[in-house]
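Please read it with the model open beside you.

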Number of protein chains: 2
Amino acid sequence: MPDFIVTPWEVSGEVDYDLLIKEFGIEPIDEKLLFYFKEITNEIHPFLRRKVFFAHRDFQWIIEEYKKGNPFYLYTGRGPSGNVHLGHLLPWIFSKWLQEKFNVELWFQLTDDEKFLFNQSISLEETHKYAYDNALDVIALGFNPKKTYIFSDIDLAGTLYRNALKIAKKITFSTVKATFGLDNSSNIGQIFYTSIQTVPAMLKSMIEGKNVPCLIPLAVDQDPHFRLSRDVLPKLGFYKPALIECVFLPNLQQGGKMSASVEDTAIFTKDKPDTVKKKVNNAFTGGQANAKLQRELGGNPSVCSVYKYHFMLFTLDDNELRSIQSKCIGGELLCGECKKDLIQKINKFLNEHQKQREKAKDIFEDYLLKEKVDLKYLINEKNKETH
Amino acid sequence: MPDFIVTPWEVSGEVDYDLLIKEFGIEPIDEKLLFYFKEITNEIHPFLRRKVFFAHRDFQWIIEEYKKGNPFYLYTGRGPSGNVHLGHLLPWIFSKWLQEKFNVELWFQLTDDEKFLFNQSISLEETHKYAYDNALDVIALGFNPKKTYIFSDIDLAGTLYRNALKIAKKITFSTVKATFGLDNSSNIGQIFYTSIQTVPAMLKSMIEGKNVPCLIPLAVDQDPHFRLSRDVLPKLGFYKPALIECVFLPNLQQGGKMSASVEDTAIFTKDKPDTVKKKVNNAFTGGQANAKLQRELGGNPSVCSVYKYHFMLFTLDDNELRSIQSKCIGGELLCGECKKDLIQKINKFLNEHQKQREKAKDIFEDYLLKEKVDLKYLINEKNKETH
C-alpha cells in the first residue's frame, strides 16, 4: 500500500506521481506529445516543460481535432470551502494560457453543493458565499470575459440537475463505492454529487446541438470524477472529455500538498506582504544548519519547499532557475537570500493579483451565469395572471 | 413474511392493510379522530367513513393547529410514467375536498425525475411530457387556481435541488437501503431522489419565513418517503409533515391494485365509454356461475371488484350502497345489472372529467410553477452585457 492518499476530498502524504499514473491509469505527458502540441502553440508553457502538468487522458486527440478544425472548450472549477491559496491557481493559470493560445471558451464550475455535502461543519450559505468570493480570484487572472462562463452549482441547478439525472441513471452505488471509497455511511448527496460534476463536460455539446470536444485542466485528485464522466458520456452520445492533470503545489513544510486547512504553511491570495514574508521565512528548506556549513557543503533543492515554489510558479525563466539551483548546490546561495527572492516574487504577484481582484468586483457580471430562480417571484407572477 | 409488497415503486399481492399499519408504524383513523375532525368540517367525506383513507401520522395535530388559527397547506403528487387511471384520483379527489373545506393551498408535485430514474425503458423527455399531460387530470378535478401550485420536478429543479441538498446531507445510504430496499446496484439518482420528494414539505415554510404545517394526502405506498421527511425536517428546524393515507383502488380482476401496466384491468381517464363497458363487463365479481344460482345463493360483495368500485368511488351515497350490497347478497341483484349501473356511473364521471380535461388546456398556466431556465438565453444575455 502506498503511504499517500489522493481522492477528490483528501490528499495526504508524499505523493508518488509515477505510482499515481499507474494506479489511475493516466498517460504521462512525454516529449513526443509536447512536440506535437508545439506545432500549434509555437511555445511550451513552463508548467508543461517542468511536468507540473504531468499526465493526461486523450490530450493528443484534442490537438488532432483542433488541427482538423474542430476546436475544444475548457472546463475546470473550484470547490469553495475557504479562501484561495496559490496551489489552487495552477490549473487556472494554465487554463488562462490555453484560452489565449487557442482562443476558446472556459466553463468554470464553483461546486458549492459538493463542499457543503462533504464538509460536516460548513453551511450551504457559507459555501455559496465562498463560491462568489473565490470567483474573484478566477476573474483576477484575466480570462476573456466574452469567452468565460463562471457559475455556482446552486445557481445553475435547474440546468445541472436535469442533465445530471441522465448521468446518474448510468452510475450505480457499487461504482461510486469503488471509485471514491464512499460507503454505507456516506450521505445520499455525496453519492449523487459526481453526476453534477460531469454535466459541464456535456453542456456545450447540448447547447450547440453537436459534439464539441472538452478539455479539462485539473489537479490530479479530481481524476476519479472524470474517469466516470468518460465512462458515461459516450453512452449518452457525447465525446469523452479529455484531461490534462497537474501535481499539487507542496506546502511550506516538509512533504504534503498546500492545504487551506493548515493556514501557516499555505499562502493565500489575500495574504499581506508581511504575512507572506513570515510564512516563507518559516519554510522548510534543503539548506544546512548554518551559513558556514551551507558555504562548505551546499544545499539540496530537491527536498526544499522554497525551491519548489521557484520551480513551480515564481521562477519560470529556465536560466534563472538553473542559476538558483546550481548556486544552492554549490553553496553560493544562502537560504535567507533565496527566501528573500521568493518573498519579493510572491508579493509582486499578489500585489497585482489583489488589485485585479478588487477590479473583478465591478466586472463580475461579465463572467457570471446564473439562473433567474426566485420562487416568491414565480408565485406572485402566477397569482397575478390567474383568472 | 407477508405475501404482498408495498414500496413506492412496487405494489403487488393482496395487501393486508392492518398488517401494513403495524409494519409502517402508522396510526389507524378511528371514530374519535373523525368526531374531532367533524367539529370543523361538519361532515365526513365518504373516503373517511369508508376507510378508503384509513391511516395517518399526526393528523390530529393538523386539526389542533388549525383550531388554534395555524392553518396547514396540502402537498401531494404524481409519478408521471403513463396515463392516469381511476386509482390515481383517490388522493386528488380527497385533496380537492380538503382544499374546499379548509380553503388552503395545494402544492402538487409531478415527479418526472423519479419516474425516469426508476424505469429503465423511459426517457426523461417522456416522463416530462407525461407530467404535463397528467397535470390536465389534476386541473380537471377543479382545484382552486388561486391556491394551487402544480410543478414538474425538472422545471422547478433550481429550487428543489438547492433545498434537497440540506435534506440529503442528513440521510445515509444505510437509511435508504433500509427504507426502500435500495442496494449496491441502485443508480445514484435513485439513491438521491427521496430528498427531492421531501422538499415541498418544507417549501411553504421557507417562503413564509416561519413554520407552516403541511398535510400530505397520499396512497400508503408513498409513506416511506415521508417517514424520512419526518425524521429529517425537524433537524432543519421545520415541522414534521402530517400524512393521511389511502388504500389502493383494486384492479378489475381478483386481488392486487389497479395498475397502469395491466391495461385491461385498469380504467384510464381517457377511456371511451365502449372501452369502459368492455372492461367492467370483463371484471371479476363475487357472483355465482349463472343467474339461477345467483337468485338462489346470492353474491359475495366482499370479493367483488365491481362492488369495490361502487364502494370506493362511484356509489358514495350510503343508502344506495347498502341497497346494492343487500340485494347482491340476497340474490335480487344480478352481476349484469350491477355492472351496467357501474358502467353508467363511471362513464358519467369520465364524460364530465374529459370535458374539464379539455378546458384544462386553456387554464394550465393558472396552476403552473415553472422556473424560467434557458441556458442559451442566459448566455446570450451575458454576452450582450459583457464589456
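1. In helix α16 (residues 318-329) of chain A, the 12 residues should span 16 Å at 1.5 Å a residue, and the end C-alpha atoms lie 17 Å apart, which agrees; the expected span is taken as 1.5 Å times one less than the number of residues. Helices here are DSSP runs of H or I with at least four residues, strands are runs of E with at least two, and both are numbered from the N terminus. Just after α16(A), Gly331(A) adopts a positive phi of about 85°.

2. Please keep in mind that this is a predicted model, in which local features need pLDDT of at least 70 and side-chain atom pairs count only at pLDDT 80 or more, while totals for chains, interfaces and linings use all residues. Residues are numbered from 1 along each chain as its sequence is written, and chains are lettered from A and ligands numbered from 1 in the order in which they are written.

3. How can chain A be laid on chain B? A turn of 180° with a shift of 0.0 Å along the axis does so, with an RMSD of 0.0 Å, the superposition being by least squares on the C-alpha atoms of residues with pLDDT of at least 70 in both copies. The two copies are therefore related as by a two-fold rotation axis. Among the residues of chain A, Gly158(A) comes closest to that axis, its C-alpha lying at 2.0 Å.

4. Between the chains, 47 residues of chain A are in contact with 47 residues of chain B, where contact requires that the C-beta atoms, placed from the backbone, lie within 7 Å. Elements giving two or more residues to chain A's side are α6 (112-118), α8 (157-168), α9 (173-180), α10 (188-198) and α18 (375-385) of chain A, and α8(A) gives the most, with 8 residues. That side of chain A divides into 22 nonpolar, 13 polar and 12 charged residues; Ala, Val, Leu, Ile, Met, Phe, Trp, Tyr, Cys and Pro count as nonpolar, Asp, Glu, Lys and Arg as charged, and the others, Gly among them, as polar.

5. Chain A is divided into domain 1 (5-246) and domain 2 (263-365), with bounds that come from an automatic or database domain assignment. The centres of these two domains of chain A, taken over C-alpha atoms, are separated by 28 Å, and their contact takes 13 residues from domain 1 and 16 residues from domain 2. Helix α7 (residues 124-140) of chain A supplies the largest share of the domain 1 side, 4 residues, and that side divides into 8 nonpolar, 3 polar and 2 charged residues.

6. Chain A also holds an open sheet of 7 strands in the order β3-β4-β9-β8-β5-β6-β7, with mixed pairing, two strands being paired if DSSP finds at least two bridges between them. Its edge strands, each pairing on one side only, are β3 (27-28) and β7 (148-152) of chain A. The antiparallel strands β3(A) and β4 (residues 53-57) of chain A are joined by 2 bridges, and Pro28(A) has Ala55(A) as its bridge partner in β4(A). Helix α7(A) packs on this sheet, touching β5 (73-78), β6 (106-110) and β7 of chain A, and its direction makes about 160° with that of β7(A); axes are lines fitted to C-alpha atoms, for helices over the stretch in contact, and angles run from 0 to 180 degrees between N-to-C directions.

Methods:
Contact = placed C-beta atoms within 7 Å.
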